[in-house]
Structure formats: structure tokens, C-alpha cells
Amino acid sequence: QVRVVESGGGDVQPGGSLRLSCVASGSNLNIRTWNWYRQPPGKEREWVTTTFPDGRTNYADAVESRFTVSTNNSANTMYLQMTNLVPEDTAVYYCLGLIATTSWGQGLNFWGKGTQVTVSS
């Protein structure tokens, strides 16, 4: 059974940094894309980043140049390094893995349960 779990959220002051982690577990994982989404309080869930197997990452305009994704493919882990945080970054951050359990499968979406990030002075 495939599971995706986020960690690393917390409270931080404006201008601060935080690193989130996302780990996928299960057998025969083939991660087609890694994604971060976030849901600010009272708003819809919004896309933040997408990372492809070749390492390319697309970023939402709101986080470009402040957020950086890295991956440890051997550990099925993705990181989101967030810097220069602003109150508008306050949200529940969700990891989404498009994961196949065969080498030829297109994969299914697996969501984590989210981790809270609060940026406040």
C-alpha cells in the first residue's frame, strides 16, 4: 500500500525559513511526479510546485525564487526548502505523489494529510 507523509511544518516569523519533507512508502514505487499544494485558511487548495523525474521543477509565481525543491530518489523523499517566508505563505501544505507500482504504469495520485505552516510575528 502506498503512503505519502509530510513533516516539518511549524510556526515561523516573517523572513524566516522552514524545510518540509515528504516521504513515500510502499513497494515498487515509481514516482512520476512530486507535487506540493497548499491551502491557506479560508481559501481553496492551490498548486505550489511540480517536480519531474529528470529533476526539473516548476514553481508557482508566488513562491518562485523563495522556495526550492530537492529530492532523494533512493529514499523516495522530497524536500521543500522555504525561505523569506511571508504571512501569505501560511497554509496547510500537502504533498502529492503521482506514483506507479509498475515500471509501465502511469500512476495514481497519493495525497499526504498535510502539515501546517504558520508565518506570523
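This briefing describes the strands, core, disulfide and salt bridges of one protein structure.

The model is predicted, so local features need pLDDT of at least 70 and side-chain atom pairs count only at pLDDT 80 or more, while totals for chains, interfaces and linings use all residues. Residues are numbered from 1 along each chain as its sequence is written, and side-chain values use heavy atoms, with hydrogens and water left out. A search of the whole structure finds one disulfide and four salt bridges. The largest nonpolar core has 27 residues.

**Strands and their pairing**

- Strands (E, at least two residues) and helices (H or I, at least four) are DSSP runs, numbered from the N terminus.
- Two strands pair if DSSP finds at least two bridges between them.
- Strand E4 covers residues 30–39, and E4 pairs with E9 in the antiparallel sense over nine bridges.
- E4 also pairs with strand E5 (residues 46–51), in the antiparallel sense and over five bridges.
- Tyr 37 stands opposite Tyr 94 in E9, and the bridge partner of Tyr 37 in E5 is Trp 47.
- Six residues lie between E4 and E5, which form a hairpin. In the turn, Gly 42 has a positive phi of about 75 degrees.
- In a regular strand, side chains alternate between the two faces of the sheet.

- A nonpolar core is a set of buried Ala, Val, Leu, Ile, Met, Phe, Trp, Tyr and Cys residues joined through side-chain atoms within 4.5 Å.
- Buried means under 20% relative accessible area, exposed means over 50%, and partly exposed lies in between (1.4 Å probe, protein chains only).
- Within the largest core, the residues with the most contacts are Trp 36, Phe 67, Leu 80, Met 82 and Tyr 93.
- At least two residues of this core come from each of E3, E4, E7, E8, E9 and strand E11 (115–119).
- Phe 67 belongs to strand E7 (residues 67–72). Its relative accessible area is 2%, so Phe 67 is buried.
- With neighbours within four places in sequence left aside, the contacts of Phe 67 (heavy atoms within 4.5 Å) include Val 48, Tyr 59, Leu 80, Met 82 and Tyr 93. Arg 38 and Asp 89 are also among the residues in contact with Phe 67.
- Phe 67 and Leu 85 are 18 residues apart along the chain, and their C-alpha atoms are separated by 9.0 Å.

**The disulfide**

- A disulfide is a pair of cysteine sulfur atoms within 2.5 Å. Cys 22 and Cys 95 form one, with their sulfur atoms 2.0 Å apart.
- Cys 22 lies in strand E3 (residues 18–25) and Cys 95 in strand E9 (residues 91–100), so the pair ties together parts that are 73 residues apart in sequence.
- The disulfide is left-handed because the torsion about the S-S bond of Cys 22 and Cys 95 is about -75 degrees.
- Both Cys 22 and Cys 95 are buried.

**Salt bridges**

- Side chains of opposite charge can pair when their charged atoms come close.
- A salt bridge is a side-chain nitrogen of Lys or Arg within 4 Å of a carboxyl oxygen of Asp or Glu.
- Arg 38 forms a salt bridge with Glu 46, the closest N and O atoms being 2.7 Å apart. Arg 38 is buried, with a relative accessible area of 5%, whereas Glu 46 is partly exposed at 30%.
- Arg 38 also meets Asp 89 in a salt bridge (2.9 Å, N to O). This pair links distant parts of the chain, 51 residues apart: Arg 38 is in strand E4, and Asp 89 is in the loop between strand E8 (77–82) and E9.
- Asp 89 counts as buried because its relative accessibility is 1%.
- Arg 56 and Asp 54 form another salt bridge, with their closest N and O atoms 2.7 Å apart. Arg 56 is partly exposed at 46% relative accessibility, and Asp 54 is exposed at 53%.
- Salt bridges that share partners join Arg 38, Glu 46, Arg 66 and Asp 89 into one network.

**Thr 57**

- Thr 57 is found in strand E6 (residues 57–59).
- The side chains of Thr 57 and Thr 51 are joined by a polar contact of 2.9 Å. A polar contact is a pair of N or O atoms within 3.5 Å; within protein, one must be able to donate a hydrogen and the other to accept it, and residues adjacent in sequence count only if both atoms are side-chain atoms.
- Not counting residues up to four places away in sequence, Thr 57 touches Thr 49, Thr 50, Thr 51 and Val 69.
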